[in-house]
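I am opening my notebook on this structure and will write down, entry by entry, what I looked up in it.

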Amino acid sequence: MEIIIQQLLNAAQLGAVYALIALGYTMVYGILRMINFAHGDIFMVGAFIGFLLATTVNMPLVLMMPLTMLLTAFVGIAIERVAYRKLRDANRMSLVITALGVGIFLENFVRMVVGPQTRQIPAQLPDKILTFGSGLVVTEDKLLIILISLALMTILWLFTNKTLMGTAMRAVADNADVIPLMGINLNRVIAVTFAIGSALAAAGGIFYGQAYSIDPYMGIDLGWKAFIAAVIGGIGSIEGAVLGSFMLAGVEVFTVAYLSSNLKNGIAFGLLILLLLIWPSGIMGKPMIKKV
Amino acid sequence: MNPVLKIEKLTKSFGGLTAVNGFALELAEHEIHGIIGPNGAGKTTVFNLITGVYRPDSGHILLEEKEIANLPPDVISRSGIARTFQNIRLFSQMSVLDNIKVALHQRSNYRLWDVILGLKRFRSQEKVIAKESLEYLEYFGLTNRHNEVAGSLSYGEQRRLEIARALATHPKVLLLDEPAAGMNPREVEDLISFIRKIHHDFGLAILIIEHQMPVIMDLCTHVQVVDFGQTIAAGDPETVTNDPLVIRAYLGEEEVEEHEASGN
């Protein structure tokens, strides 16, 4: 029993990181109908900004985390401004190719600056081992990662559903053409979306770098996983991205624990195919009916 | 008195086709002005030019004597022009209340920082706008529908919501693009009194494109007939609708002859 709970917590930790990345995919898709394939690499950039702040100026986590999120938000805004804005009305394929190009640029840029080695963000979260009941052992940092991630997701949900700016974001997703006629600057709403998505990915990057390790290519694998999670949940849906992330992490963690680590990706991707056969628009996605 | 909206020599071509050709218009404060003409005459293009959806090739659009041609559509909206669409364009998957809130968004000026830090500027503006959007729904008789998804409303309610949303941007000039399209004579009657009411209560100048003649005859003090992007007649509704040029543009040559032969 304790082992199962332990595995559930492992899954929750991994799922939280996936979710922080998946939210950026789903939000950008929602407003631009575009898969930002550079997003996994924005997550990686966030992890390295955090790493640099923690190692070069020994910045404590309470400062390092908000500052990293802020700086990564600007990276996201800059990418949209420079690489995507001009192509907004172009063929979707051009945008996707551009996004892949931006991703490769970010990987190589970071490798050039910090080198290709694997590193770890110095652990700053308290990591005391807590024992519950008859032998359930949990480290504090694991709990904190899960809790802070859930708090960030809750704030995002409140923002999109309860504030005017969030309402404007949902309106862009619903019918972007009408937005300027409401007196709203569409570019600003899109910039805010990229900023939020990138900041959340940066938080995921810091947590990932505390729990595991970071390298310039980490965004490829994790980016794909988070993208899959967003698609399973229903891309465009915030709740769906979170649900898909925890599901995918659960499948991975339990496959490794009870079957074989070699099967991890095979089962995860197999699940994607299976679920999409049942729900072609993802679990919480709306079926796409294009207006004529 | 100076016109609130003045258009001079407005021209727009798409490829080889001149959709709007030297179009001119003067809309006085608090006037209701009609634009009629056959399908494809360039009426909606004029609306798209006024609202900045298209950029004119040449000409001037003056709102209270300030040039707005070539400004981005969101700036034009904020300077006081709102519109509705021939085919209703709501945020159909959002609630009725949220549709109004989007239109009121421009009245807020807080930044992302204010939200993150939960500052007073953010909270008080959110409160004011929530209250104001409920007032709009109350006025438009949509209060009991405020939580419903806009796309689930009846056709007539969607029309009303679209007009409510346009008015929530606080316009000086309201552009209505075929508001009576798809309505039966009863509904048209209701729409006419509804437009008259908002015209009075909001102190607006209104520009209407319409095919349903009762709307034009009952509401407009001035009518302009457009064909092939040019004004072919203008004046009060009575005179204009009896103009032979107008009848020809609408009905075609042969019918005009029959029309004349029958002694009209």
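Before I look at a bridge partner, I note that two strands count as a pair if DSSP finds at least two bridges between them. I also keep in mind throughout that this is a predicted model.

**Entry on the six-stranded sheet of chain B**

I began with strand β3 (residues 32-36) of chain B, which pairs with strand β9 (residues 222-227) of chain B in the parallel sense, over four bridges. When I looked for the residue in β9(B) that is the bridge partner of B:H33, I found B:H222. Both strands belong to an open sheet of six strands in chain B, whose order I wrote down as β6-β7-β8-β3-β9-β10, with mixed pairing. Which strands stand at the edges of this sheet? They are β6 (81-83) and β10 (230-235) of chain B, and each has a single partner strand, so one side of each is left without a neighbour in the sheet. On average, and with direction ignored, neighbouring strands of this sheet are turned by 20° against each other. I then looked up helix α7 (residues 185-202) of chain B, which lies across β3, β7 (173-177) and β8 (205-209) of that chain and runs at about 155° to β8(B).

**Entry on the four-stranded sheet of chain B**

Next I turned to an open sheet of four strands in chain B, with the order β2-β1-β4-β5 and antiparallel pairing. Here β2 (17-27) and β5 (66-67) of chain B stand at the edges with a single partner strand each, so one side of each has no neighbour in the sheet. Strand β4 (residues 58-63) of chain B pairs with β5(B) in the antiparallel sense over two bridges, and in β5(B) the bridge partner of B:L62 is B:E67. I also noted that helix α1 (residues 43-50) of chain B packs on this sheet, where it touches β1 (5-14), β2 and β4 of chain B, and that the direction of this helix makes about 110° with that of β1(B).

**Entry on helix pairs of chain A**

How do helix α2 (residues 39-56) and helix α4 (residues 92-114) of chain A cross? Their axes come within 9 Å and cross at roughly 20°; angles under 35 degrees count as roughly parallel, and α2(A) and α4(A) are therefore roughly parallel to each other. The crossing in which α2(A) passes α4(A) is left-handed. Among the residues that meet here I listed A:V45, A:F48 and A:L52 from α2(A), and A:L106 and A:V110 from α4(A). By class, this contact of α2(A) with α4(A) has eight nonpolar, one polar and two charged residues.

I then looked at helix α1 (residues 2-32) and helix α9 (residues 238-258) of chain A, which pack at an angle of about 140° with their axes 6 Å apart. α1(A) and α9(A) are therefore oblique to each other, and α1(A) passes α9(A) in a right-handed crossing. The residues of this contact divide into 22 nonpolar, six polar and one charged.

**Entry on the contact between the chains**

Finally I looked up the contact between the chains, which takes 23 residues from chain A and 31 residues from chain B. The two chains bury about 2,400 Å² between them, 68% of it on carbon and sulfur atoms. In chain A, the residues that lose the most area to chain B are A:L164, A:L181 and A:M182, together 31% of what that side buries.

Terms used: Residues numbered from 1 in each chain as written. Chains lettered and ligands numbered in written order. Predicted model: local features only at pLDDT ≥ 70, side-chain atom pairs only at ≥ 80, totals over all residues. Heavy atoms only, no water. Axes fitted to C-alpha atoms, helices over the stretch in contact; angles between N-to-C directions. Parallel < 35°, antiparallel > 145°, perpendicular 65-115°, else oblique. Left-handed = near helix turned anticlockwise from the far one by under 90°. Contact = heavy atoms within 4.5 Å. Nonpolar A, V, L, I, M, F, W, Y, C, P; charged D, E, K, R; others polar. Buried area = accessible area lost by both parts, 1.4 Å probe.
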